[in-house]
Amino acid sequence: MEIKKVYKVYFSATYTTRFVVSTIAGEMCDNIVDCDVTSVPIDKDIVMDRGDVLVIGMPVYGGRIPESALQSIAKLKGNGTPAIITCVYGNRDYDDALLELRNEVEAQGFKIVSASAFIARHSIFTQIAKDRPNAQDIAEVIRFATRSKEMIESLDYFDCLQQIKVKGNVPYKTFNQLPICPTADDSCVECGVCASKCPVAAISSDNYRETNMDKCLACGRCIVECVVGARDFRGDFFDARAAKFIEAFSVPKANELYYAEVNK
């Protein structure tokens with residue numbers, strides 16, 4: 001199939017997932033439709049035609065993809081349309097996230113050509129995988145994209161693809177957020193950027209320095225968006241968990257790549 005258009009769809013709080021998805025999409029073709037669903041979900045169906053490819057990426061929070069992204073995935077409509085899926089995680093484990101993404105994308109009529117799980121700096125304990133994706137990772141992303149493109153171009157239709165097998169379990173792991181969320185120190189200028197950028201509206205305009213822990217994903221969006229660097233994870237509990245986490249998960253992990261088998 002000739003690739004005529006690529007829809008790149010991503011949830012990317014700290015912009016690493018966006019980078020990975022953009023790198024993959026950029027290897028496909030020049031006609032790219034950008035769909036950032038981090039803060040603004042897709043509100044109208046996107047129906048894909050022959051010649052279209054979906055490249056979709058999600059971060060991993062607590063072993064799952066963000067629940068707020070499911071609404072946007074449900075608006076993507078394929079008809080045997082080829083899709084490339086990826087999860088980005090912080091060197092602990094991606095648990096059931098890639099399987100969940102596979103199942104959600106397949107349910108919308110897509111045929112998954114390839115899947116991947118790439119390492120990036122951890123969103124809470126940022127000393128973990130702090131330099132990733134590095135040059136070797138980026139080269140691997142490009143190789144993954146190139147092979148995926150070759151597979152798509154070698155087929156006329158995609159019903160011949162077997163369901164891609166990825167790691168994960170059903171029922172999915174229960175999302176259990178650590179009781180940790182960013183707060184602001186006295187350098188906060190109360191500009192409100194953090195509240196406007198938060199994907200789950202966990203920061204109230206009544207008090208920009210605090211965060212609603214029941215809503216917070218601990219995604220780090222408010223930290224990277226803060227114009228004065230006032231927001232961060234802090235406190236005795238955070239420091240104690242950070243020390244244990246760094247000890248347990250500092251050994252670099254490898255990226256994992258999967259490709260669908262073609263029925264003979």
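# Helix packing, aromatic rings and backbone features

A218 lies in the loop between α5 and α6 (221-225), where helices (H or I, at least four residues) and strands (E, at least two) are DSSP runs numbered from the N terminus. This is a predicted model, in which local features need pLDDT of at least 70 and side-chain atom pairs count only at pLDDT 80 or more, whereas totals for chains, interfaces and linings use all residues. Residues are numbered from 1 along each chain as its sequence is written, and side-chain values use heavy atoms, with hydrogens and water left out.

**Backbone geometry**

- A218 is not a glycine, although its phi is positive at about 55°.
- With a relative accessible area of 1%, A218 is buried; buried means under 20% relative accessible area, exposed means over 50%, and partly exposed covers the range in between, with a 1.4 Å probe and protein chains only.
- E190, which lies in the loop between β8 and α5 (193-197), is likewise a residue other than glycine with a positive phi, near 55°.
- The peptide bond from R132 to P133 is cis, with omega near 5°, and P133 is found in the loop between β7 and α4.
- A cis peptide bond, with omega about 5°, also joins V170 and P171, and P171 is placed in the loop between α4 and β8 (183-184).

**Packing of α1 and α4**

- Helix α1 (residues 16-26) packs against helix α4 (residues 135-153) at an angle of about 45°, with the two axes 8 Å apart; axes are lines fitted to C-alpha atoms, for helices over the stretch in contact, and angles run from 0 to 180 degrees between N-to-C directions.
- The helices α1 and α4 are therefore oblique to each other, given that angles under 35 degrees count as roughly parallel, over 145 as roughly antiparallel, 65 to 115 as roughly perpendicular and the rest as oblique.
- On the α1 side the contact (heavy atoms within 4.5 Å) is made by F19, V20, T23 and I24, and on the α4 side by I138, V141, I142, F144 and A145.
- By class, this contact of α1 with α4 has 8 nonpolar residues, 1 polar residue and no charged residues; Ala, Val, Leu, Ile, Met, Phe, Trp, Tyr, Cys and Pro count as nonpolar, Asp, Glu, Lys and Arg as charged, and the others, Gly among them, as polar.

- In helix α3 (residues 97-106), 7 of the 10 residues are buried, so the helix is largely enclosed by the rest of the structure.
- The buried residues of α3 are A97, L98, L99, E100, L101, R102 and V105, and they pack against β4 (52-59), α2 (70-73), β6 (81-89), β7 and β10 (256-259).
- D137 is found in helix α4 and counts as buried at 4% relative accessibility.
- Not counting residues up to four places away in sequence, D137 touches F118, R132 and N255.

**Aromatic rings**

- A search of the whole structure finds 8 aromatic pairs, where rings of Phe, Tyr and Trp (its six-membered ring) pair if their centres lie within 6.5 Å, and planes under 30 degrees apart count as stacked, over 60 as edge-to-face and the rest as tilted.
- F245 and F249 form a tilted pair, at 4.6 Å centre to centre and with 50° between the planes.
- Both of these residues, F245 and F249, lie in helix α7 (residues 236-249), 4 residues apart, which is about one turn of the helix.
- F245 counts as buried at 11% relative accessibility, whereas F249, with a relative accessible area of 26%, is partly exposed.
- F245 and F249 belong to one aromatic cluster together with F125, F233 and F238.

- S123 is placed in the loop between β7 (110-119) and α4; leaving out residues up to four places away in sequence, S123 touches Y61, A218, C219 and F233.
- From S123 to K165 the separation is 42 residues in sequence and 27 Å in space, C-alpha to C-alpha.
- S187 is placed in the loop between β8 and α5 and counts as partly exposed at 35% relative accessibility.
- Leaving aside its neighbours within four places in sequence, S187 is in contact with V228 and A230.
- S187 and A74 are 113 residues apart along the chain, and their C-alpha atoms are separated by 41 Å.
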